[in-house]
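Please look over the sequence and the model shown here before reading on. The paragraphs after them are meant as a guided walk.

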Amino acid sequence: MTATAAPVASRLRVPEDSDWTQAAACADEDPELFFPVGEKGTAPAQLELARAVCLGCPVVEPCLQFALDVGVTDGMWGATSPRERRAMTGRRNPRYYYED
Ligand code: SF4
């Protein structure tokens, strides 16, 4: 993880009329915690640390719903990993929706 990474909230691209990100518990977290590279190595441990943040987040439900609605493929959203969201939706190739 790098100390210079942009906060997670800056990587979210949500509709302008949606303000749930204003209450995101991850707003000041390092996004690399929520968006580990790959699914092996340190990635599972990173996702579990991110999940712990999510589980204390007041907007966990709209965050998960957003990720499911738009098919976010990477990262921890609404306390779910990419694999968990794929299992929930049955999607094999959901669309990307966040910016690097
Ligand atoms: S549920 Fe997790 S990813 Fe979603 S806004 Fe809250 S802390 Fe961030």
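Predicted model: local features only at pLDDT ≥ 70, side-chain atom pairs only at ≥ 80, totals over all residues.

Residues are numbered from 1 along each chain as its sequence is written.

The protein chain has four helices and zero strands, where helices (H or I, at least four residues) and strands (E, at least two) are DSSP runs numbered from the N terminus. Of its 100 residues, 24% are buried, a term that requires 20 or more other C-beta atoms within 10 Å of the residue's own, with 12 or fewer making a residue exposed and values in between partly exposed, C-beta atoms being placed from the backbone.

Around the ligand stand 15 residues, of which Ala24, Cys26, Cys54, Cys57 and Cys63 come nearest; a residue belongs here if its C-beta atom, placed from the backbone, lies within 6 Å of the molecule. Helix H2 (43-54) and helix H3 (60-70) each supply at least two residues of this shell.

The UniProt annotation "binding site", from an unreviewed entry, covers Cys26, Cys54, Cys57 and Cys63, and annotations of this kind may be inferred rather than shown by experiment. Although these residues are spread over 38 residues of sequence, they cluster in space, with a largest C-alpha distance of 11.2 Å.

Cys57 is found in the loop between H2 and H3 and is partly exposed, because 18 other C-beta atoms lie within 10 Å. Cys63, placed in helix H3, is buried, because 26 other C-beta atoms lie within 10 Å.
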